[in-house]
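Reader: I would like a close look at one part of this model. Please take me through the helix packing, and tell me where to be careful.

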Amino acid sequence: MEEMKIDGGFGVLRRRCLRPVLVTLALLVVSVFSTLPSEAKSRKATASAERPSAPADPASVVGAGPKQRVVSFTFKQLGAVTPIRLRGVEGAASLPFSIRSDEVVTAAKLKLGYSYSPSLLAELSHLNVMLNGEVSSVIALPREKGLANTREIDLDPRLFTDYNKLQFRLIGHYTYKCEDPLHTSLWLELSNLGQLELTLAPLALANDLKYLPLPFFDRRDNATLKLPFVFGAAPSFGTLRAAGVLASWFGGLASYRGARFPTLLNTLPEGNAVVFLQGGEKISGLHGAAGATVSIEPHPTNPGAKLLLITGDNDEEMMRAARSIVLGNGILGGQRVTVTQDVEPPVRKPYDAPAWVPTDRPVRFAELVPQEELQVQGFFPDVIRVNFRVTPDLFTWRSPGVPLELKYRFTALPFNKSSSLNVNINGDFVRALALDESGKKLEGKDLLRLPLLDKNLALREDVLFVPPYQVGGRNQLQFHYYFELVKEGECRDSLPDNLQGAINPESTLDFSGFPHYSALPDLATFSRIGFPFTRLADLSETAVVLPEQPNADEIGAYLVLMGRMGEATAYPVLRHALVSAAEVEKVANRDLLVIGSAQDQSLMTKWADQLPLLQVDGEHRLREPDIFRRAVYRWEEEDVQLTPFPEGSLKLKGGGDLASLMAFESPLLSRRSVVLLYADKSADLAKIADAMFDSERVKNVQGDFVVADEKGDSHAKVGKTYYVGSLPLTLHLRWIFSKHPLLASLLGILIAVLLATIAYRTLRRIAAQRLGKKA
């Protein structure tokens, strides 16, 4: 039985396959499984059912398949940013990790480094190490060896499934009676440099399109996706556009992992790859069938690798084949499929990217995160995290903030006055809500959504305003419950084991009251969420400009950029245009992404007057803004922290290794944007991608000019500012006058003079009429 689902524009293939072959093999090894605890047997059977063509005995893989590989992950790589500290009589922590579906664990080893309190009683205290709920080791804690301990533990490979959880639990005691369960002497600290070492053997996977995106991408693999794209010696722009669409799909699947697409021309890599062949092109004896065809082919020189082959007789057929993958995953099946006809989806509307929250209505938390992730328990509960993305062009000037209607519940403790729920946005504190008898209680329909047995939970509702300057692009709301234990006296304190906290999934975040208006250029919003190009998720108002004959590095930069766009929106770039510099006038009404190196991109010369960076006599010169721009800079950029204007000019000569990112208003049409990726050497275009993918380095990508350098990125604001979007007239006038108070004063004086003149003449006329009547 198979279950197939298309989710958010990207096909996600979910399989629950119970094959007759697996059933037969399972019967042959039932005696082996009988030695496992019943719970472990159940998990193992489920994992085997989810893995395509998984052998029942891992040892059989070693003899039949390619050589095994050994991988090692530190606890820091698994998510422990700081050392793991266990506190109290039952301190616990866990580290989740996953195993690729085309590999099986044949051996595993855990290397621990830990220290613990010398006050722990050795007879009563110990550390439990568990894998998926099964105890793998119990470590004694003798009092004389409290500091700098190490231990290696062998883990049973039969306990591993697709998704796993490594758990640590401290059982700690410092006295035999009248114990304070939260005494400061009850602690154990695990180094986050500890390692999980896995020996992995490959599993055979049939040449079948129904397994896509396997084996080219596996959602269980948390590493950066590195998937080679292979072309003929001189791929057409139509072929490259089809590759860009497919790269955006893989980028969306890779999500937070990031995606790189090493590009090869007329040669195959050793491992898995995606190959594009048009017409009669051949690579290493590999050729495609007639028509728009998608197939899974074995690697001609590496039996363990597979190739995703995209072929067509012309550009349109190449695009049709690519669309069949990104829109029809879950429907494709067999080794080869020929697509005779397809229907393109409708053009996307502005700001409707699947990965972005809507800005025309309140958004329920249930739309952002599964309900089970909104609940925590224990005296030291984990932080509840709600991730969301929102368009960065919301105009929040002089607003109290983004309305957050928060509904939450918690275990009510008697005589408790210091417990709180802390609310943060992107790590910045917003507000602390007291968990006491005050506050608005939920009633009516909200109570009906809660479990009937939650009689001990206190229910609350509060309206908060998230500071607008802290929201934009990628965001995370954090909710942290802090419970206070009331001391009742010696031998009377006990640690409650039923403490719970939850955020109601009907809580809402509302961006609908903000218009869309923003100042550009801004490389910060481009690097983080692809704006303004991703305003339309399918990039229907975007064109990519490549050199006339792009090389492998320039094609690779284009593919990485499309992957980044797909990741930002969770939708493939189906409608972007791809042109050469000579054809740029045809796409004048679009936003432009320009990629080039050295003298390979003719627009560098054609648009020299617009670029922040000039080339004069072999020198790179950073354009110095004029006097007027210096004067108004502080008014235009008052809310943005940028490197100030450079005094004098920056001149660089020699070296030839400059890699830069530039943004400016399109010379072809006002209020359209251009972002230029430039490098002296085409291979250095990868430096720009490195800066955009690094969570620390990306903070320096801002302004309209960035020099990417692994030793230290630099940025500046050089060009003029332009605005996109619209504001209501009254709001627009208030904003302009607030930025230019001198102008407002002069306008006020002019209006006063005008009114005074009108009043004076009117009164003179009335006086003249009276004098005339008297005469």
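Author: Start with caution. This is a predicted model. Over residues 1–65 the pLDDT stays under 50, and the model has 107 contacts beyond four places in sequence for that stretch. Residues 627–651 also have pLDDT below 50, with 47 contacts beyond near neighbours in sequence. Where pLDDT is low, the predicted coordinates should not be read in detail. Across the chain, the mean pLDDT is 82, and 81% of the residues reach 70 or more. Among the elements, helix α4 (residues 58–64) has the lowest mean pLDDT, 32. Strand β14 (residues 229–231) has the highest, 97.

Now the helices. Take α5 (residues 237–254) and α9 (residues 552–569) to begin with. Their axes come within 7 Å. They cross at roughly 45°, so α5 and α9 are oblique to each other. The crossing is right-handed. On the α5 side, the contact uses L240, R241, A243, G244, A247, S248, G251 and G252. On the α9 side, it uses I555, Y558, L559, M562, G563, G566 and E567. By class, this contact has seven nonpolar, six polar and two charged residues.

Helix α9 has another partner, α12 (residues 685–693). Here the axes lie 9 Å apart, and the angle is about 20°. An angle under 35 degrees counts as roughly parallel, so α9 is roughly parallel to α12. This crossing is left-handed. From α9 come D553, E554, A557, V560 and R564. From α12 come L685, A689, M692 and F693. The class count is six nonpolar, no polar and three charged residues.

What about a sheet, for contrast? Strands of a sheet pair through backbone hydrogen bonds, either parallel or antiparallel. Look at β7 (residues 126–131) beside β8: the two pair in the antiparallel sense over six bridges. In that pairing, M130 has V135 of β8 as its bridge partner.

Technical notes. Residues numbered from 1 in each chain as written. Predicted model: local features only at pLDDT ≥ 70, side-chain atom pairs only at ≥ 80, totals over all residues. Heavy atoms only, no water. Axes fitted to C-alpha atoms, helices over the stretch in contact; angles between N-to-C directions. Helix = DSSP H or I, 4+ residues; strand = E, 2+ residues; numbered from the N terminus. Parallel < 35°, antiparallel > 145°, perpendicular 65-115°, else oblique. Left-handed = near helix turned anticlockwise from the far one by under 90°. Contact = heavy atoms within 4.5 Å. Nonpolar A, V, L, I, M, F, W, Y, C, P; charged D, E, K, R; others polar. Pairing = 2+ DSSP bridges. pLDDT = per-residue confidence, 0-100.
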